[in-house]
Amino acid sequence: MEKNDSSFETKCVHAGVGEYEFGAVVPPIYQTSTFKFSTVQQGAKLFAGEEKGYIYTRMANPTVEALENCVAELEGGFKALGCASGMAAIHTVFATITSAGDHVLCSSAVYGPTTTLLNTILKKFGVEADYIDTSNLEEVRKGIRPNTKLVYIESPGNPTLYISDIEEISKIAHKNNAVTVVDNTFMSPALQRPLEFGADIVLHSLTKFLNGHADVVGGVIVVKDEETYKNFRKTLNQLGGVIDPFNSFLVHRGIKTLSIRMQRHCENSQVIAEFLEKHNLIKKVIYPGLKSHPQYNLGLKQHNGHGGMITFEMAGGFEAGQILMNSVKLCQLAVSLGGVETLIQHPASMTHFSMGKEARAAGGITEGLVRFSIGIENVNDIIKDLEQALQRVEKANLSET
Ligand SMILES: *Cc1c(COP(=O)(O)O)cnc(C)c1O
C-alpha cells in the first residue's frame with residue numbers, strides 16, 4: 001500500500017518521515033543554522049536553485065521540512081510552511097496576499113490577536129478589514145467588496161464556536177476572485193480538512209492540538225499549489241518568522257498521537273457538554289456536538305468529530321464564572337488550548353481582551369462566557385472537579401440571599 005493511500009490514523013504516524021542515516025526511525029534534529037558547500041560552484045548552484053539542498057535554516061531545514069511534509073499530507077495540501085507561531089503564520093498569509101487598498105472580510109469570532117493584527121499593523125500598511133458573522137452566508141455575500149482579496153474564517157469560531165460553511169463561503173469568495181483562508185486550529189486535520197471543502201489556504205497554531213502537549217509555540221500554513229507555495233516561501237523568508245528545528249521535532253512527535261488524542265478530546269467533551277447542559281447553574285452551553293447548537297447539522301457535514309472546545313455561560317453571570325474558575329482543582333486556569341490537560345479561561349478578560357468590549361459584543365462574546373479546552377484525562381475526574389466547583393458557586397449564591 002502506498003503511504004498516500006493509507007488512512008488518516010496511519011498518516012499521523014508515518015507522514016513526513018523519510019529515510020535517515022543509521023536507519024533512524026525518527027527524523028533527526030538538524031540543529032544547525034547553516035550548511036556547508038563542497039565547493040564555491042556547488043554553493044552557487046544551490047543559490048541559483050539548480051541543485052537541491054540546504055543553505056541556511058531560515059530558508060529551509062530538513063527537520064522543519066519533515067514536519068511541513070507531515071502537516072501538508074494530513075491536510076491534503078501541496079506543501080506547508082512551518083512558522084514561529086500561529087500569529088507568524090497569520091501575518092505571513094496577510095502579508096503575502098494583501099496590498100495597500102485591499103480589503104479583508106473577516107469572521108467576527110476569531111482569535112483576538114488576529115483582529116488586533118488587522119486593526120493595527122495591516123491597517124498601517126493600508127489594508128482594510130470588516131468583521132461579520134460568517135455563519136450567516138447572506139452577511140458574507142453582502143460583505144464582499146470589489147477590492148476584497150481575502151475571506152478569513154475560523155470554524156468553529158473562537159470562542160463562540162459558531163460554525164461557518166467552508167464550502168459555500170469558498171464559492172462566494174471565488175466568484176469574486178478572493179481566496180478563502182481557514183484557521184483550522186480548533187479542529188486539526190483529524191476533525192476537519194478545509195481544503196476538501198474548497199478553501200484555498202489552511203493555517204494552524206501548532207501550539208494547540210497539533211503539538212498537543214503545551215510545550216511548544218509554533219504555526220503552519222498549508223497551500224494547494226506550487227506558485228502559491230513559492231510566494232509564501234518568499235514572504236516567510238523576508239519576514240523571518242520560521243519555526244526552529246527542535247520545536248519542529250517536538251510537534252512532529254506530538255502529531256503521531258493526534259488521531260487518538262482527538263478521539264478522546266471529542267468523547268470527553270461530549271460527556272461534559274451534556275453534563276453542563278443539564279446543570280441548573282449553567283445558563284447556556286455551546287458545543288458543536290449538542291443538538292442545541294445553532295449549526296448542529298452543518299457541523300455533521302463538515303466535521304469528523306466535534307472537537308475539544310466548549311464554551312458556556314453561568315446563570316449567575318461572570319461573578320459565578322469567577323468563583324467556578326477559582327474553585328477548580330484538576331482543570332487549570334490558563335489560556336491556550338488543545339493540550340492533553342484540561343484548561344479553563346475567561347475570554348473577555350483574557351484571550352479576547354485586546355478586541356475591546358464593543359467588538360466582543362458584535363462577535364457574540366459576552367462578558368460572562370467561559371471557555372473550556374477539554375483534555376484527555378478520565379472524564380469522570382473532570383466532572384468530579386466541576387461538581388465540587390459548582391457546589392462552591394451554589395453556596396456563594398446562597399450566602400448572598
Ligand atoms: C492560539 C491561536 C492562534 C495563535 O497562535 P500562536 O501560536 O499563539 O501564535 C491563532 N488562532 C487560533 C484559533 C488560536 O487558538
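These questions and answers look at a few residues in a predicted model.

Reader: Why is Thr 134 called buried?
Author: Its relative accessibility is 2%. Buried means under 20%. So Thr 134 counts as buried.

Reader: Where is Thr 134 found, and which residues does Thr 134 touch?
Author: Thr 134 sits in the loop between strand S3 (128–132) and helix H6 (137–143). Leaving out residues up to four places away in sequence, Thr 134 touches Ser 107, Val 140, Ile 153, Ser 164 and Ile 169.

Reader: What makes the pair Thr 134 and Ser 164 a polar contact?
Author: The two side chains meet at 2.8 Å. The cut-off is within 3.5 Å, for N or O atoms that can donate and accept a hydrogen. The pair therefore counts as a polar contact.

Reader: Why is Leu 333 called partly exposed?
Author: Leu 333 has 42% relative accessibility. Buried is under 20%, and exposed is over 50%. The value lies in between, so Leu 333 is partly exposed. This residue belongs to strand S10 (residues 332–333). With Val 335 and Met 350, Leu 333 forms a nonpolar surface patch of about 230 Å² of accessible area together.

Reader: What about Cys 83?
Author: Its closest cysteine sulfur is in Cys 70, 15 Å away. That is too far for a bond as well.

Reader: Are Cys 70 and Cys 83 buried or exposed?
Author: Cys 70 has 0% relative accessibility, so Cys 70 is buried. Cys 83 also has 0%, so Cys 83 is buried.

Technical notes
Residues are numbered from 1 along each chain as its sequence is written. This is a predicted model: local features need pLDDT of at least 70, side-chain atom pairs count only at pLDDT 80 or more; totals for chains, interfaces and linings use all residues. Side-chain values use heavy atoms; hydrogens and water are left out. Patches are made of residues with over 30% relative accessible area and no salt bridge: like charges are joined within 9 Å, nonpolar side chains (Val, Leu, Ile, Met, Phe, Trp, Tyr) within 5 Å. Accessible areas come from the Shrake-Rupley method with a 1.4 Å probe; for residues, only the protein chains shown count as cover. A salt bridge is a side-chain nitrogen of Lys or Arg within 4 Å of a carboxyl oxygen of Asp or Glu. Helices (H or I, at least four residues) and strands (E, at least two) are DSSP runs, numbered from the N terminus. Buried means under 20% relative accessible area, exposed over 50%, partly exposed in between (1.4 Å probe, protein chains only). Contact means heavy atoms within 4.5 Å. A disulfide is a pair of cysteine sulfur atoms within 2.5 Å.
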